[in-house]
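Thank you for making time for this, everyone. I would like to walk slowly through a few strands today, so please keep the picture in view while I talk.

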Amino acid sequence: MKQNKTFVIIGNSAAGLACIEAIRKEDNVSEIINISKEPHRPYSRCLLTYYLAGSIGKDRLWIRPERYYEDFKVKPFLGTEAVYIDEKNRKVELSNGKIIGYDRLLFAAGASSKTIDIKGIERKGVFYLRTLDDTEGMLSMLGEVKDVAVLGGGLIGLRAALSLKKRDKNVRVIVKSSHILSQILDVESADMVRRHLEKNGIRILTGLASIEIYGKGDTVESILLDDGSRLNSQMVVIGKGVSANVGLLKGKVKSERGVLVDDSLKTSNDGIYAAGDTAETFDVFEEKTEINAIWPAAMRQGKIAGLNMAGKKGIYEGSCGMNSIEFFGMGVISFGIVHPKEKNFEELIQANFSKNIYRKVILKDNRIVGGIFVNSVEQHGVILNLALQKVDVSDIKDILTDEYFDYGKIVPLVKKQAGKFKRPEYNDTCVTYNSII
């Protein structure tokens, strides 16, 4: 007879929910406690920019019904922060003073926006775009705002810029590096995206940094750049990326940028598992540990962690970095290694700059390890599958970047290397590629 346990899940986004549901499939009687710093029931962080843009209503954000916790027999502590983990005695202290014991703990506390140290950052009208509360704060001010400065040219910054342009704001994006999306695109594809954004009214300023936010009282009026120029702005959005929320486990389990886990998602402490944006897992292309903070990876990790916490064996195969977005009708997808630094990589490129089409596939030892697709994203799924299966693509190397490359063209290769196609599909997750904006 199984002994009832207490499972504590810190975080109620993708990884936390997948863990709860995996545990309940195996164990319908043990106690599950869910702790979330945010006061809201589970919502999709991926859709916040669409809500900001006015493309969807708030009702579209919720990813679980109101009765979710009741239906899954979960005790929620929403709007309550875990402030201390006693890993030796298996206890968690909450911000309300309550102390909760656990048999197994999932640490899925997500990530927080990176801050910048400039004068005036505390003013009203300066926002990050990470939470529902951030988004609603921005929405509450839109009537007072004409000009917006977005600091950062990565995905977060550009998603915010798209949303606010959709609201008919005058948007400038200030980027310290020489090109936008420097983490996920190469220079050629990034320049293609930049021209398209500027054609649609978003001004991009590269090679510049903000040094002060000016205003009267606590409001924002303008921003000073390091070239001495000053931009009118009644709202500043900081999109400098995110950092994993690993503070509670620092010194308690092995960690680097994130919490290190094995292929069962267990940390170096037998009672603690980690998943989602806090977990540093094996990257199948980099062949080292990385944080791949994407929704499908978080869902898969949460599920595998939940199975193992409940006593059923589950193996996490690893993940890869992947990003997708649409800029005013221009689809952009990248995955894996996009900035190879060693000489033993091969880059296959087809580009049509007049049509804004760019296809790049990166190979190592005749295996696909990365790709960039701009305005020609339909074939990326086939390419990604070949990459994940570590298939030798020598026989089809000459057609990998063809405009009409599809599954039909690789049937002979699949038959030849049938034994390679064993990696499980993530049918319990989904890759969100939206064209709402």
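What we have here is a predicted model, in which local features need pLDDT of at least 70 and side-chain atom pairs count only at pLDDT 80 or more, while totals for chains, interfaces and linings use all residues. Residues are numbered from 1 along each chain as its sequence is written, and side-chain values use heavy atoms, with hydrogens and water left out.

Strands here are DSSP runs of E with at least two residues, numbered from the N terminus, and two of them pair if DSSP finds at least two bridges between them.

Let us start with strand β5, residues 91-94, which has a covered face made of Val92 and Leu94 and an uncovered one made of Lys91 and Glu93. In general, the side chains of a regular strand alternate between the two faces of the sheet.

Strand β4, residues 82-86, pairs with β5 in the antiparallel sense over 4 bridges, and there tyrosine 84 has glutamate 93 as its bridge partner. These two strands form a hairpin with 4 residues between them, and arginine 90 in the turn has a positive phi of about 55 degrees.

β5 is also joined by 3 bridges to the antiparallel strand β6, residues 99-101, where lysine 91 is partnered with glycine 101.

Now to the other group, an open sheet of 5 strands in the order β22-β23-β26-β25-β24, with antiparallel pairing. Its edge strands, β22 (322-327) and β24 (345-352), each pair on one side only.

Terms used. Buried < 20%, exposed > 50% of the residue type's maximum accessible area, 1.4 Å probe, protein only.
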